[in-house]
Amino acid sequence: MWGFLKRPVVVTADINLSLVALTGMGLLSRLWRLTYPRAVVFDEVYYGQYISFYMKQIFFLDDSGPPFGHMVLALGGYLGGFDGNFLWNRIGAEYSSNVPVWSLRLLPALAGALSVPMAYQIVLELHFSHCAAMGAALLMLIENALITQSRLMLLESVLIFFNLLAVLSYLKFFNCQKHSPFSLSWWFWLTLTGVACSCAVGIKYMGVFTYVLVLGVAAVHAWHLLGDQTLSNVCVFCHLLARAVALLVIPVVLYLLFFYVHLILVFRSGPHDQIMSSAFQASLEGGLARITQGQPLEVAFGSQVTLRNVFGKPVPCWLHSHQDTYPMIYENGRGSSHQQQVTCYPFKDVNNWWIVKDPRRHQLVVSSPPRPVRHGDMVQLVHGMTTRSLNTHDVAAPLSPHSQEVSCYIDYNISMPAQNLWRLEIVNRGSDTDVWKTILSEVRFVHVNTSAVLKLSGAHLPDWGYRQLEIVGEKLSRGYHGSTVWNVEEHRYGASQEQRERERELHSPAQVDVSRNLSFMARFSELQWRMLALRSDDSEHKYSSSPLEWVTLDTNIAYWLHPRTSAQIHLLGNIVIWVSGSLALAIYALLSLWYLLRRRRNVHDLPQDAWLRWVLAGALCAGGWAVNYLPFFLMEKTLFLYHYLPALTFQILLLPVVLQHISDHLCRSQLQRSIFSALVVAWYSSACHVSNTLRPLTYGDKSLSPHELKALRWKDSWDILIRKH
């Protein structure tokens with residue numbers, strides 16, 4: 001029984017020293033003097049504020065992508081003990097002592113460093129040579145733009161890491177498929193592919209491009225699997241089911257999990273609350289939740305309410321009125337009703353309060369027991385501070401002449417009777433007997449006399465309307481557009497019939513406590529929609545650029561300038577690598593077209609295994625470049641050079657593949673191969689030389705003289721040389 005103790009326990013392992021060396025060099029290049037500069041560098045000012053929000057557990061909304069990327073950066077801050085107390089308001093600002101700079105930049109740097117050995121493994125999994133794999137890894141190692149982006153508190157290096165991990169995992173799975181399907185390693189790599197794809201999408205929406213690429217390649221392979229007559233129907237079904245679960249179900253579940261964790265972490269009210277609906281705001285700690293705590297849930301006749309427009313554009317606002325009237329004559333010569341103005345006001349105000357009145361009774365208080373308002377009921381909305389009823393009639397609105405004016409009715413003893421009856425429609429009702437609920441119900445008010453719908457036009461009134469937003473009666477309302485939908489945000493049961501007592505009541509807190517927690521899926525749906533619909537400022541930036549400028553490296557970005565010396569950091573690529581990558585893409589496209597034409601004529605220049613290897617490498621590398629680059633031509637957002645970096649990594653992977661193909665299949669003699677190999681070595685040497693030349697702008701640790709700076713501006717020197725000739 002104890003016989004195994006008589007013999008030594010021996011563990012053997014195969015260690016790829018090349019992989020170890022590449023990993024070590026990657027870590028050294030990305031982690032060396034990581035805390036320098038100890039100042040806010042370019043977009044660190046943007047991501048840093050979200051890290052502070054996480055540290056303080058304050059809700060925020062960012063339209064650049066899902067929350068997983070921000071959580072990765074925040075994890076670095078958490079590990080470093082960051083308390084979130086830093087004012088992220090200026091690029092170049094010195095970090096205070098409480099900011100753990102090394103920890104905040106660590107995870108992006110690790111992602112950038114691990115991308116180097118991952119490039120090596122991807123080329124090996126494509127069944128190209130060790131030399132080609134080393135070439136791809138070395139190019140990833142020395143590319144200046146990738147080094148710069150990895151050493152800062154930015155997300156591109158993390159996105160690239162998960163893009164490459166998704167491709168590598170799928171290739172590992174695909175190669176397992178040939179000899180050990182449904183094995184433990186087969187399941188591991190297939191599952192990891194789905195996890196990596198989900199993480200890539202969770203970092204930035206740009207991750208969808210690589211996810212679609214992997215799905216496309218997997219779909220082609222699954223199609224070939226369907227035609228494999230050696231497999232039974234049950235086996236084929238199991239293959240397809242496994243792929244569907246790993247590549248579709250798992251990414252969706254993980255994507256939801258990112259938002260679930262995000263909403264757990266940021267549960268406090270913050271500066272972005274107003275973008276969200278009243279129900280969402282009320283689910284956060286503090287802010288509206290504090291204001292609305294204790295409100296009655298069901299709106300009854302006699303309730304005092306504030307009505308918020310659900311659309312929230314151009315700004316969130318509340319139905320509002322004040323004693324000023326519309327001008328008798330507008331500037332364009334049109335006349336008005338001269339009734340009391342009704343607007344939408346983007347701030348909390350006592351003039352936002354309205355009383356829901358039963359048209360059949362005179363009371364402006366809630367009866368005992370309360371009589372709830374239901375879908376389809378007729379109501380009058382009485383302005384709390386002026387006691388005038390919401391009214392619309394066949395008079396053109398001030399800025400929207402094709403719509404009706406909305407006012408609070410003043411009886412001038414002229415032939416203009418009040419038209420103040422409105423029918424309540426609950427848009428998100430479960431049945432036609434649903435009760436109007438505070439915050440939860442989204443409602444429309446349809447005018448009984450004219451069938452016009454109460455709507456926020458979004459136009460700003462002139463100075464006579466205090467630049468508030470115009471409210472109109474829209475006759476031709478198609479569907480339930482958000483501008484016609486309202487919800488009750490603040491609510492109390494009115495108990496005072498006298499006006500003075502009622503005015504005091506409008507300023508007093510409510511007392512009845514009703515819980516109205518939103519479900520996770522409701523909060524996720526709203527947050528996701530807001531992220532997709534929210535438009536950031538797309539104004540031109542000093543360093544913005546177009547996709548055409550990226551390929552030729554016709555642009556760069558000055559990330560940081562030392563306040564006292566001429567040391568500086570630029571996002572600037574290695575021109576040898578960038579131009580060579582573009583040439584490799586062109587050569588791959590031309591050779592592929594040539595081979596296809598020849599194969600059509602039944603001339604097979606490549607053995608079948610070499611052809612399949614060439615096609616798969618092109619699908620993943622050239623295809624990866626295309627899906628990560630071409631969509632930017634369709635985007636209207638402000639673009640920067642760093643948007644090209646994910647596409648560049650796939651270009652780098654393709655480059656040694658094309659070089660090996662030329663050496664193996666196009667160089668006919670040993671002499672030609674020797675000459676070509678010497679040219680490749682010289683080319684690699686020039687790339688290393690350029691990388692080393694640009695090192696001061698990559699790390700920013702050297703003060704440069706004006707002459708040295710001018711020498712590094714390769715494009716300016718090239719333009720001068722052309723003009724001289």
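In this predicted model, the largest nonpolar core comprises 160 residues. Within that core, the residues with the most contacts are Leu126, Phe162, Leu527, Tyr559, Trp578 and Leu653. Helix 7 (residues 156–179) gives the most to this core, supplying 15 residues. A second, separate core holds 30 residues, including Val342, Trp354, Val356 and Ile426.

| Residue | Residues in contact |
|---|---|
| Leu126 | Leu171, Arg613, Leu616, Ala617, Leu620 and Cys621 |
| Leu247 | Leu190, Thr193, Gly194, Tyr211, Leu215 and Ala218 |

Leu247 lies in helix 10 (residues 233–265). Its relative accessible area is 4%, so Leu247 is buried. Leu247 and Leu190 are separated by 57 residues in sequence, yet their C-alpha atoms are 7.8 Å apart in space.

The remaining topic is a helix pair. The axes of helix 16 (residues 575–600) and helix 18 (residues 645–666) come within 8 Å and cross at roughly 55°. Helix 16 is therefore oblique to helix 18. The crossing of helix 16 past helix 18 is left-handed. By class, the contact between helix 16 and helix 18 has 16 nonpolar, five polar and no charged residues. On the helix 16 side, the contributing residues include Ile577, Trp578, Gly581, Leu585 and Tyr588. Helix 18 contributes, among them, Leu648, Gln651, Leu655, Val658 and His661.

Key
Residues numbered from 1 in each chain as written. Predicted model: local features only at pLDDT ≥ 70, side-chain atom pairs only at ≥ 80, totals over all residues. Heavy atoms only, no water. Axes fitted to C-alpha atoms, helices over the stretch in contact; angles between N-to-C directions. Helix = DSSP H or I, 4+ residues; strand = E, 2+ residues; numbered from the N terminus. Parallel < 35°, antiparallel > 145°, perpendicular 65-115°, else oblique. Left-handed = near helix turned anticlockwise from the far one by under 90°. Contact = heavy atoms within 4.5 Å. Nonpolar A, V, L, I, M, F, W, Y, C, P; charged D, E, K, R; others polar. Core = buried A, V, L, I, M, F, W, Y, C linked by side-chain atoms within 4.5 Å. Buried < 20%, exposed > 50% of the residue type's maximum accessible area, 1.4 Å probe, protein only. Lists of a residue's contacts leave out its neighbours within four places in sequence.
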